[in-house]
Amino acid sequence: MLVYIIRRLGQGALVVSVMASVVFLAMYAVGNPVDVLAPPDASDAEKLLIARELGLDKPLWDQFFVFIGNALHGDLGKSFVYNEPTLQLILQRLPATLELAVTALTLAIAIGIPLGLYAGLKSESWFSRIVMSGSILGFSLPNFWIGMMLILLFSVQLKWLPAGGRGETVNILGVPLSFLTWDGLRHLLLPALTMSIYKAALIVRLVRAATRETVMQEYVRFARAKGLSRQRIVLVHILKNIMLPVVTVIGLEFGAILAFAVVTESVFAYPGMGKLLIDSINHLDRPVVVAYLMFTAFLFVIINFVVDLIYAVIDPRVSLVEAKG
Amino acid sequence: MSAVLEVSDLAVTFGTRDGLLKAVDGVSFSVSRGEVLGLVGESGSGKSITGLAIMGLIDAPGRIARGSVKFEGQELIGKNENTLRSLRGRRMAMIFQDPMSTLNPVLRIDTQMIETIRAHEKVSEKAARARARDALAKVGIPSPDERLLAYPHQFSGGMRQRVAIAIALLHGPSLIIADEPTTALDVTIQAQILSEVQTLAAETGTALVWITHDLSVVASLADRVAVMYAGRLVEEGQVADVLTQPLHPYTKGLIESVPSRNRRGSPLAQIPGMTPSLACLPEGCAFRPRCSRATEICLEAPGLTQHVGGRRVRCFHPSSNLGGGA
Ligand SMILES: Nc1ncnc2c1ncn2[C@@H]1O[C@H](COP(=O)(O)OP(=O)(O)O)[C@@H](O)[C@H]1O
Ligand code: SF4
Ligand SMILES: [Mg+2]
């Protein structure tokens with residue numbers, strides 16, 4: 001177990017450091033932040049002053065080694081724009097995005113598993129056909145388009161839900177959460193729905209395929225020969241086997257939602273990490289972009305680790321002690 | 001002896017792209033209390049489908065086209081799912097061929113045993129556990145208390161089949177249908193399990209339908225044997241009679257193709273030709289293309305005829321060393 005954890009951490013550290021270096025260099029190549037930060041009428045002398053303040057007057061390699069040196073001490077630098085530590089900026093935005101991701105994923109699971117199970121068990125029925133056609137639609141419609149359509153329908157036409165922003169929050173243990181207030185929930189619903197549609201379509205198809213495969217297994221026939229009720233066969237024998245692939249995919253998708261909430265957060269002007277990333281790229285705010293991507297890679301590593309743990313709990317054949325890679 | 005199971009004129013069809021396949025076509029037999037019936041035939045002859053039809057476990061595109069299955073005096077064909085469910089696992093049980101896949105890989109053995117008990121009886125979890133434990137002990141599983149907490153992958157193939165047998169025995173059914181349960185196991189384990197099942201069935205008077213393609217298993221286990229070919233019953237009788245004096249050319253071919261010690265060295269006589277596909281059965285007797293006795297009359301379908309010793313055969317030219325005809 002310990003060996004497994006150490007190996008996992010090692011792999012994770014490698015991924016994070018390679019990525020940080022690449023992004024650092026790429027951001028350097030994109031443009032000079034001073035041009036964006038300085039007022040349009042600034043003189044060259046003023047620009048030089050700003051560059052010196054931010055350490056941007058030094059050659060690339062010097063900047064890079066300063067960055068690495070600081071990063072090794074846990075200091076990911078300060079934002080050029082906000083002049084605040086980048087990690088702090090990101091962590092301030094984390095709860096909003098986390099909340100959005102969890103809500104979206106919960107919706108996707110609540111929609112995807114029952115529909116997929118039904119479509120797998122009764123694949124010939126007309127309702128299953130509708131579900132499957134719907135899932136193709138859910139796959140192919142772009143996220144921003146779904147978001148805008150939802151806004152048009154529910155905010156502009158029906159005026160039921162707000163079109164953007166984050167609602168009222170309450171502090172729980174110092175973390176501002178919005179899903180506990182009515183206003184917050186109303187703000188959360190549309191962006192979460194937007195993000196969940198693709199995931200729900202994915203889960204429907206995955207669960208359906210797994211169900212169709214599982215019902216043909218000999219142990220399902222044996223379960224029927226034992227005289228078990230249909231309910232028990234579906235909810236225990238079939239569902240538990242299906243959860244194996246589903247958990248893996250849900251884990252990966254959770255990471256993906258966190259990392260790529262960018263589009264949805266922009267459409268809904270939702271103040272999460274994704275919005276921060278877009279703004280920072282526009283301002284060439286290199287420290288924030290680099291720190292953001294490092295942080296996201298770190299989240300991926302953690303999520304994969306948790307998925308492995310859950311997998312080991314639900315599949316008795318998997319043992320982390322002898323896990324290979 | 002009263003019949004526990006009476007199957008008559010059972011037919012199961014599958015609607016496929018090639019048309020309607022008659023996987024089982026007019027099969028009749030009966031099994032009495034404590035009796036062991038061996039159901040033999042090459043792969044694809046309809047043995048498993050017959051067993052599943054008796055249990056009411058035929059799924060689409062399969063369908064019971066006609067016939068009757070009387071179990072403990074009660075007609076099962078046309079009974080609703082709930083009635084059948086309450087019989088399955090309680091009065092009639094079935095075990096399957098591949099022990100590696102009959103147990104659910106993600107559920108513990110205790111879960112899979114206790115659910116079987118509680119599907120049919122209102123008993124406490126504790127009482128059910130005790131019964132599950134005893135059942136494991138009865139089929140020869142060492143330290144059953146510990147083994148209850150294990151998962152299927154922690155058992156060998158032979159042990160898993162014992163667990164399946166223990167599950168089948170939980171409610172003391174009057175009929176067990178065993179579909180080639182020892183085929184996937186090695187010979188020693190197979191012999192052990194056969195003799196244990198024989199003892200257990202004899203103790204409780206459970207009737208057994210033992211499906212196999214292996215005549216040596218039939219010889220050591222069964223009282224009577226029924227031979228199937230292309231979905232039809234072609235011969236039936238007491239094991240000793242049928243194995244020593246087969247009436248049907250197909251049965252004779254099967255017996256001659258069994259490797260045996262006293263014939264070691266001499267080449268095995270294989271039945272010429274191949275098992276026919278159900279989609280294109282020959283007209284008349286289905287065995288005709290492979291039969292050395294075939295004549296003109298075999299272009300018509302032979303019926304099942306009675307012979308001395310309660311034997312039945314479906315052939316126009318049964319072996320004549322035994323005064324046939326009825
Ligand atoms: N799901 C199915 N769809 C179509 N045909 C089937 C299906 N299951 C079984 N059959 C047909 O039934 C025949 C008998 O099958 P089975 O009873 O399994 O044979 P065996 O004697 O080997 O147990 C097969 O040859 C096959 O043609
Ligand atoms: S009926 Fe004719 S073809 Fe069929 S087994 Fe008998 S002799 Fe052979
Ligand atoms: Mg079979």
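I take buried to mean under 20% relative accessible area. The model I am reading is a predicted one.

**Entry 1: Thr97(A)**

I began with Thr97(A), which I located in helix H5 of chain A, residues 86-121. Is Thr97(A) buried or exposed? Its relative accessible area is 1%, so I record Thr97(A) as buried. A polar atom of the Thr97(A) side chain lies 2.7 Å from the backbone nitrogen of Met273(A).

**Entry 2: Lys226(A)**

Next I looked up Lys226(A). I found this residue in the loop of chain A that runs between helix H9 (218-225) and helix H10 (230-259). Which side chain does that of Lys226(A) meet in a polar contact of 2.8 Å? The partner is the side chain of Glu115(B). I note that this contact joins a residue of chain A to a residue of chain B.

**Entry 3: ligand 1**

I turned to ligand 1 and listed its surroundings. The residues around ligand 1 include Phe14(B), Thr16(B), Ala23(B), Glu42(B) and Leu278(B). Also among them I noted the run Ser43(B), Gly44(B), Ser45(B), Gly46(B), Lys47(B), Ser48(B) and Ile49(B).

By class, I count 6 polar, 4 nonpolar and 2 charged residues in this shell. Which elements of chain B each supply at least two of the shell residues? They are strand E1 (3-16) and helix H1 (47-55). The largest share, 3 residues, is that of H1(B).

I then examined backbone atoms facing oxygen atoms of ligand 1. For Ser45(B), a backbone N or O atom is 3.2 Å from a ligand oxygen. For Gly46(B), the corresponding distance is 3.0 Å. For Ile49(B), a polar backbone atom lies 2.8 Å from an oxygen atom of ligand 1. How much of ligand 1 does the protein bury? Taken alone, ligand 1 exposes 560 Å², and the protein buries 68% of that area.

**Entry 4: ligand 2**

Lastly I looked at ligand 2. I find 13 residues around ligand 2.

Terms used. Residues numbered from 1 in each chain as written. Chains lettered and ligands numbered in written order. Predicted model: local features only at pLDDT ≥ 70, side-chain atom pairs only at ≥ 80, totals over all residues. Heavy atoms only, no water. Near = heavy atom within 4 Å. Polar contact = N/O pair within 3.5 Å; in protein donor to acceptor, adjacent residues only side chain to side chain. Areas by Shrake-Rupley, 256 points an atom, 1.4 Å probe, with all protein chains shown as cover. Helix = DSSP H or I, 4+ residues; strand = E, 2+ residues; numbered from the N terminus. Nonpolar A, V, L, I, M, F, W, Y, C, P; charged D, E, K, R; others polar. Buried < 20%, exposed > 50% of the residue type's maximum accessible area, 1.4 Å probe, protein only.
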